Amino acid sequence: MDSVGTLPPDALSRAVIEIEKHVSSAGWDQPAQLFALVPTDELLRAEPQLAAELGTDDASQPLTPVAQGELPGSLEDEHLADALGRIEWPDGVSGCALSIERIVLPATAEAGLSSADSDAELARMAGSDPRRHEVRMVAAVLREGSRFGAVRLRSHDEDSAVLTGADLVPTLCEVLSLTFEPSVGSRPGRGPGVDGMNDNEENRP
């Protein structure tokens, strides 16, 4: 089912903004969270009882984010691609999004972390550096290649201060795009998404 061509140009950005607000409403220090992005009209045709649950505002959104659950806690960047690479999306999923929190340091500060003896020590040093910025990033991609991201700084925790853009979180978007590659996610059994969700996963943020 190819519904991407019928999506309006701002469908992905609207979905990212919705996810970012939803995740932010629960506060900070959350694990990484994964979402499938499904065309709302297709979802409502397949599950008409969801119309009442979504409400007028949600039903008017071109894409419905479907929560896939939390990724393993303390998932480091070097393991993120491996974790996402095991995903196999059904055809009804037009895109996906990931929300993740990270500590960002300036390049001059990162140079001093090379003395860390372990990941735990590295995390402690980064977390105690006064130059650090705690950020929440939401990255999203469509199967056909479109990308969009949002970044919220903990030090500027306001909706009006959230940064958004197509090129804002390119690395995360690149990793997410791999989940739609034919050679990725070939594990047996059903993958996450509309047709392969756990019973508690069909929830719009």
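**Notebook: salt bridges, cores and a loop**

I began with helix α2 (residues 40–46), where R45 and E42 both lie, three residues apart, about one turn of the helix. Helices here are DSSP runs of H or I with at least four residues, strands are runs of E with at least two, and both are numbered from the N terminus. The model is predicted, so I note that local features need pLDDT of at least 70 and side-chain atom pairs count only at pLDDT 80 or more, while totals for chains, interfaces and linings use all residues. Residues are numbered from 1 along each chain as its sequence is written, and side-chain values use heavy atoms, with hydrogens and water left out.

**Entry 1: charged pairs**

I looked up the R45 and E42 pair and found a salt bridge, with the closest N and O atoms 3.1 Å apart. The term requires a side-chain nitrogen of Lys or Arg within 4 Å of a carboxyl oxygen of Asp or Glu. R45 counts as exposed at 57% relative accessibility. I recorded the cut-offs: buried is under 20% relative accessible area, exposed is over 50%, and partly exposed is in between (1.4 Å probe, protein chains only).

I then turned to R147 and E174, whose side chains meet in a salt bridge of 2.8 Å, N to O. This pair links distant parts of the chain, with R147 in strand β5 (residues 147–153) and E174 in helix α7, 27 residues apart. R147 is partly exposed at 29%, and E174 is partly exposed at 37%.

R14 forms a salt bridge with D10, the closest N and O atoms being 3.9 Å apart. R14 has a relative accessible area of 29% and is partly exposed; D10, at 34%, is partly exposed as well. I also noted a network of salt bridges that links E20, R152, D157 and D159. The search of the whole structure finds ten salt bridges.

**Entry 2: the chain as a whole**

I counted out the elements: the protein chain has seven helices and six strands. From the N terminus on, they run α-β-α-α-β-α-β-α-α-β-β-β-α. Of the 205 residues, 45% count as buried.

**Entry 3: nonpolar cores**

Which residues touch the most other members of the largest nonpolar core? I found L84, W89, L98, L172 and L176, out of 27 residues in that core. β1, α4 (77–85), β3 (95–104), β4 (133–142) and α7 (170–177) each supply at least two of its residues. Apart from it lies another core, of 17 residues, among them L7, L12, V16 and V162. A nonpolar core is a set of buried Ala, Val, Leu, Ile, Met, Phe, Trp, Tyr and Cys residues joined through side-chain atoms within 4.5 Å. In soluble globular proteins, nonpolar side chains tend to be buried together.

Leaving aside its neighbours within four places in sequence, L98 is in contact (heavy atoms within 4.5 Å) with residues including A32, L84, L172 and L176.

**Entry 4: the loop between α1 and β1**

Is A32 buried or exposed? A32 is found in the loop between α1 and β1, and A32 is buried, with a relative accessible area of 7%. Not counting residues up to four places away in sequence, A32 touches G69, E70, L71, L98, S99 and I100. The C-alpha atoms of A32 and I100 are separated by 4.4 Å, although these residues are 68 apart along the chain.

D29 is in the loop between α1 (11–24) and β1 (33–39) too. I recorded D29 as exposed, at 58% relative accessibility. The phi of D29 is near 65 degrees, a positive value in a residue other than glycine.
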